[in-house]
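Let's walk through how the pieces of this fold sit against each other.

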Amino acid sequence: MSQALESKKQVVEEIKSKIQNCKSLVLVDYKGINVNDDTALRKKCREADVEYRVLKNRLVKIAFNDLGINDFDSYLEGTTAIAFANGDEMQAAKVMVEESKNIKALETKCGMFEGKFLDKAGVEAISAIPGREVLLGQLCGLLKSGLSGLASCLSQIAEQKAE
């Protein structure tokens with residue numbers, strides 16, 4: 001086996017590992033992105049615990065197919081980069097969709113969330129969901145408002161009974 005072929009097999013194994021271990025991923029088209037925008041995008045990805053990689057379409061396609069995933073085949077054309085979410089599963093979608101609004105050369109293609117394929121609209125819908133901390137805060141607010149309303153009613157009943 002040639003050394004180049006062995007090297008490509010190692011890259012495919014690395015991609016398969018990233019696909020299996022990430023919480024979600026997003027494929028984007030970056031054709032025409034300039035260096036400043038790319039640097040800013042990579043910085044935002046690092047801050048959000050998202051790994052942004054430019055990989056060969058053919059090798060990514062082989063990795064997906066080896067894992068039994070064929071939904072991405074038609075999207076692996078042209079200039080493609082992948083954002084792997086390692087922490088919060090919504091961060092890859094949030095960063096890529098937000099940055100595609102700021103960077104005209106960046107376009108979301110599709111993604112994968114909880115092992116399921118998402119088209120562009122699905123990725124955009126995931127990106128619109130508030131983060132975990134925000135959702136927990138909203139839940140606490142709802143619980144607190146319900147309990148304070150109950151306490152208020154009970155105190156009014158107690159005051160009426162006391163009269």
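A quick definition before we start: a crossing of two helices is right-handed if the near helix is turned clockwise from the far one by less than a right angle, and left-handed if it is turned anticlockwise. Keep in mind that this is a predicted model.

With that in hand, take helix 1 (residues 3-21) and helix 3 (residues 57-66). Their axes lie 9 Å apart and the helices pack at an angle of about 60 degrees, which makes helix 1 oblique to helix 3. This crossing is right-handed. Helix 1 brings K8, V11, V12, I15, K16 and I19 to the contact, and helix 3 answers with R58, L59, V60, I62, A63, F64 and D66. Sorted by class, that contact has nine nonpolar and four charged residues, with no polar ones.

## Helix 2 against helix 4

Now for the other helix pair. Helix 2 (residues 35-47) and helix 4 (residues 91-102) have axes that come within 10 Å and cross at roughly 155 degrees. Because angles over 145 degrees count as roughly antiparallel, helix 2 is roughly antiparallel to helix 4. The crossing of helix 2 and helix 4 is right-handed.

Which residues make the contact? On helix 2 they are L41, K44 and C45, and on helix 4 they are V95, M96, E98 and E99. Four of the residues in this contact of helix 2 with helix 4 are nonpolar, three are charged and none is polar.

On to the strands: five of them form an open, antiparallel sheet in the order 2-3-1-4-5. Strand 2 (50-54) and strand 5 (116-119) are the edges, each pairing on one side only. From one strand to the next, the twist averages 20 degrees. Helix 1 packs on this sheet, where it touches strand 1, strand 2, strand 3 and strand 4, and its direction makes about 150 degrees with that of strand 2.

## Strand 1 and its neighbours

Is strand 1 (residues 24-29) mostly covered or mostly open? Mostly covered, with five of its six residues buried. It pairs with strand 3 (residues 80-85) in the antiparallel sense over six bridges, and D29 stands opposite T80 of strand 3.

Strand 1 also runs antiparallel to strand 4 (residues 107-113), again joined by six bridges; here S24 has F113 as its bridge partner. Strand 4 and strand 5 run antiparallel and are joined by four bridges.

Technical notes: Residues are numbered from 1 along each chain as its sequence is written. This is a predicted model: local features need pLDDT of at least 70, side-chain atom pairs count only at pLDDT 80 or more; totals for chains, interfaces and linings use all residues. Side-chain values use heavy atoms; hydrogens and water are left out. Buried means under 20% relative accessible area, exposed over 50%, partly exposed in between (1.4 Å probe, protein chains only). Helices (H or I, at least four residues) and strands (E, at least two) are DSSP runs, numbered from the N terminus. Two strands pair if DSSP finds at least two bridges between them. Axes are lines fitted to C-alpha atoms, for helices over the stretch in contact, and angles run from 0 to 180 degrees between N-to-C directions. Angles under 35 degrees count as roughly parallel, over 145 as roughly antiparallel, 65 to 115 as roughly perpendicular and the rest as oblique. Contact means heavy atoms within 4.5 Å. Ala, Val, Leu, Ile, Met, Phe, Trp, Tyr, Cys and Pro count as nonpolar, Asp, Glu, Lys and Arg as charged, and the others, Gly among them, as polar.
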